[in-house]
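Please keep the sequence and the 3D view open while reading.

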Amino acid sequence: MLGRLFDRQTASAERSPQPVPAGPRVPRHSGSWGTLRKRLIAEPGLRVLDVGTTSPTNINYITSLGHSIYMADFIDDVLSGQWIKGADEDEKPIWDTEGFTRQNLDFSGRVFDVVLLWTVLDYLPEPLVVPIVDALHASMNPGGQVLALFHTKLEPGLSPYHRFHTTATDNVELQIGRPATQQRAFTNRNIERLFSAWSGLKQFLAKDGVSEAIIVR
């Protein structure tokens, strides 16, 4: 679901933002965020896409560094059920992948320098994963970077969906988001294959069953 584009001067709504998750925030050290934060501090004027429920914390921090930020909530749109066209012979849902990507990744000509993807790929239906990665590739400037986190084990009961909030340190803050079921776990090889069309990939040491990567357009 498309959200808002914010910058230091103006804020114009394209669709109403979703409610911010309630509940405590848990700090977690993030090597990928620490690395990306250095770029955000050093290079003002970047365009950032933050994937997840609207986070005033992220909006305020990113814009305070001189960047514009655009919000998109893929999980919210998945859970709406509107992109399921029916079921196949095995009673598995058939997804309107073209409609979903057009709705969620048509940025009216905007291209991004940074995408904060977080753990979203772990919670998407399988037919949507590759189209979203391909659409992000097409929506980024050369040299643009995606921050993504991946669960290393498939444990749906132990891996609730979280909203991630940025901080002015190398920590991010995790907050339980809307109910969504983990669909997959990624090995390093899975990640390399998924982003094989991209120009670079830096992976960080897995921690607490979650690996981190910065992928370069």
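The second largest pocket has a volume of about 190 Å³, where a volume is the space filled by probe spheres set on grid points that are joined across faces, edges and corners. Of the 13 residues that line the second largest pocket, those closest to its centre are Trp95, Tyr123, Pro125, Glu126 and Gln183. A pocket here is an open set of points on a 1 Å grid over the protein atoms alone, where a 1.4 Å probe fits, with protein on both sides within 12 Å along at least five of seven lines, and lining residues have an atom within 4 Å of a point.

The model is predicted, so local features need pLDDT of at least 70 and side-chain atom pairs count only at pLDDT 80 or more, whereas totals for chains, interfaces and linings use all residues. Residues are numbered from 1 along each chain as its sequence is written, and side-chain values use heavy atoms, with hydrogens and water left out.

**Pockets**

- In the second largest pocket, α3 (74-80), β7 (93-95) and α5 (126-138) each supply at least two lining residues, and α3 gives the largest share, three residues; helices (H or I, at least four residues) and strands (E, at least two) are DSSP runs numbered from the N terminus.
- The lining of the second largest pocket has nine nonpolar, two polar and two charged residues, with Ala, Val, Leu, Ile, Met, Phe, Trp, Tyr, Cys and Pro counted as nonpolar, Asp, Glu, Lys and Arg as charged, and the others, Gly among them, as polar.
- The largest pocket holds about 300 Å³ of space, and of the 19 residues that line this largest pocket, His151, His162, Leu174, Asp208 and Val210 are the closest to its centre.
- β3 (26-29), β9 (140-151) and β10 (162-166) each bring at least two residues to the lining of the largest pocket, which comprises nine nonpolar, six polar and four charged residues.

**Buried polar and charged side chains**

- Asn58 lies in helix α2 (residues 56-64) and counts as buried because its relative accessibility is 0%, buried meaning under 20% relative accessible area, exposed over 50% and partly exposed in between (1.4 Å probe, protein chains only).
- Arg178, in the loop between β11 (171-176) and α6 (188-194), counts as buried because its relative accessibility is 18%.
- The Arg178 side chain makes polar contacts with the side chains of Thr53 (2.8 Å) and Asp73 (2.9 Å); a polar contact is a pair of N or O atoms within 3.5 Å, where, within protein, one must be able to donate a hydrogen and the other to accept it, and residues adjacent in sequence count only if both atoms are side-chain atoms.

**Positive phi values**

- Most residues other than glycine have a negative phi.
- Ser108 has a positive phi of about 55° although it is not a glycine, and this residue sits in the loop between α4 (97-105) and β8 (112-118), where Ser108 counts as exposed because its relative accessibility is 60%.
- Trp118, placed in strand β8, has a positive phi near 55°, and Trp118 counts as buried because its relative accessibility is 3%.
- Just after α2, Gly66 takes a positive phi of about 95°.
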